[in-house]
Amino acid sequence: MEKILQVKDLNISFHTFAGEVKAIRGISFDLYKGETLAIVGESGSGKSVTTKSIMRLLPENNSEIKNGEILFNNQDLTKLSDKQMQKIRGHDISMIFQDPMTSLNPTMKIGVQIMEPLIKHQKMSKSAAKERAVELLKLVGIPKPELRVDQYPHQFSGGMRQRVVIAIALACNPKVLIADEPTTALDVTIQAQILELMKDLQKKIDTSIIFITHDLGVVANVADRVAVMYGGKIVEIGTADEIFYNPKHPYTWGLISSMPSLDTRDEELFSIPGTPPDLLDPPKGDPFAPRNPYVLKIDLEQEPPMFKVSDTHYAATWLLHPDAPKVEPPDAVKRRQSQFPGKKEGN
């Protein structure tokens with residue numbers, strides 16, 4: 001498969017009054033053409049910082065890319081000027097943000113906001129851009145697009161506003177679409193519609209998607225591959241089937257176990273004890289060690305490397321070392337696996 005984006009050994013820090021926050025600590029991953037890569041983890045694990053660095057949207061006054069490369073179209077995005085990045089943002093790489101109400105300008109008509117990237121990047125005339133805006137609204141399922149194109153954001157429901165944000169992001173047929181928790185602010189029914197819409201649109205325009213979420217249940221239906229982040233690092237990565245049906249990292253076990261189950265009403269809701277590490281002073285060994293019920297002595301002394309499980313599946317846990325004791329996932333993981341969709345064909 002063709003690699004469309006490569007992130008290599010990325011390290012990002014934020015300089016604060018309290019000191020240097022090492023937010024991203026040596027992460028690497030590839031994005032392939034036409035696939036959906038989900039990045040999951042708790043709040044503060046580094047998901048949004050990673051994707052905003054791809055768009056070069058981190059605050060310039062206190063953020064610093066200390067090391068690493070972000071390769072797209074044979075160029076390192078970390079080395080480009082802001083003027084060069086303006087040609088890429090919205091044209092080659094687009095982003096859907098979490099809250100559509102803060103993403104849309106309340107003083108501008110919806111049509112004008114969709115037309116903006118078309119006029120800027122595609123050099124369309126205003127009349128052609130408006131025609132295309134109507135087509136895009138129709139594409140994302142907005143009824144009466146000819147009428148709605150001249151309305152303001154407050155005249156749309158939350159689900160409709162999110163569809164508009166998707167229309168803006170897709171306006172220039174981007175090669176990479178970053179969706180940062182695009183369904184968090186929506187109710188479950190609308191959430192399902194938006195996810196189905198994104199899957200359908202991906203097939204139509206052949207774009208690659210990076211999907212950011214803390215909800216494993218959401219990505220089970222949309223992701224081809226899943227990267228699990230913790231403490232500014234990727235601790236497990238593999239195909240969706242591998243992560244859901246054969247997880248290897250205790251943190252992944254915890255995330256799966258903490259999903260609410262519809263089957264067992266009397267079962268106590270599981271939560272991962274403790275709190276994420278303080279990245280002002282990252283721990284010496286495995287960052288998950290203080291919260292890991294299967295912690296080994298070496299976890300407190302040495303950070304685990306990425307152990308190979310298969311050609312597509314890797315996990316950073318000392319439990320995969322040949323000399324480690326054999327530990328099975330907790331029963332809660334096995335119970336939750338019945339909630340996931342069936343394995344994809346060919347896997």
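The legends below describe close-up views of a predicted model.

Local features are described at pLDDT of at least 70 and side-chain atom pairs only at pLDDT 80 or more, while totals for chains, interfaces and linings use all residues. Residues are numbered from 1 along each chain as its sequence is written, and side-chain values use heavy atoms, with hydrogens and water left out.

**View A. Strand E1 and its antiparallel partners, E2 and E4.** Strands (E, at least two residues) and helices (H or I, at least four residues) are DSSP runs numbered from the N terminus, and two strands pair if DSSP finds at least two bridges between them. Strand E1 (residues 3-16) is joined to strand E2 (residues 19-32) over eleven antiparallel bridges, and a hairpin of two residues connects E1 to E2. Leucine 5 has leucine 31 as its bridge partner in E2. E1 also pairs with strand E4 (residues 63-72) in the antiparallel sense, over eight bridges, and here glutamine 6 stands opposite leucine 71 in E4.

**View B. The hairpin of E4 and E5.** E4 runs antiparallel to strand E5 (residues 75-76), to which two bridges join it, and leucine 71 stands opposite aspartate 76 in E5. Two residues lie between the strands of this hairpin, in which asparagine 73 takes a positive phi near 55°.

**View C. Helix H1 and the residue that follows it.** Seven of the nine residues of helix H1 (residues 47-55) are buried, so the helix is largely enclosed by the rest of the structure; buried means under 20% relative accessible area, exposed over 50% and partly exposed in between, with a 1.4 Å probe and protein chains only. The buried residues are Lys47, Val49, Thr50, Thr51, Ser53, Ile54 and Met55. Arginine 56, which follows H1, has a positive phi near 55°.

**View D. An aromatic cluster of Tyr230, Tyr251 and Phe288.** Rings of Phe, Tyr and Trp (its six-membered ring) pair if their centres lie within 6.5 Å, with planes under 30 degrees apart counted as stacked, over 60 as edge-to-face and the rest as tilted. By this rule the count comes to five aromatic pairs. Tyrosine 230 and tyrosine 251 form a tilted pair, 4.6 Å centre to centre with 55° between the planes. Because tyrosine 230 lies in strand E9 (residues 225-230) and tyrosine 251 in helix H11 (residues 250-257), this pair ties together parts that are 21 residues apart in sequence. Tyrosine 230 is buried at a relative accessible area of 1%, and tyrosine 251 is buried at 0%. The rings of tyrosine 230 and phenylalanine 288 have centres 5.2 Å apart and planes at 85°, so this pair is edge-to-face. It links distant parts of the chain, 58 residues apart, with phenylalanine 288 in the loop between H11 and strand E11 (307-308).

**View E. Methionine 198 in the largest nonpolar core.** A nonpolar core is a set of buried Ala, Val, Leu, Ile, Met, Phe, Trp, Tyr and Cys residues joined through side-chain atoms within 4.5 Å. Of the 61 residues in the largest such core, Ile166, Met198, Phe211 and Val226 touch the most other members, and helix H7 (residues 158-170) gives the most to this core, with seven residues. Leaving aside neighbours within four places in sequence, methionine 198 is in contact (heavy atoms within 4.5 Å) with Ile96, Ile166, Leu177, Ala179, Pro182, Ile209 and Phe211.
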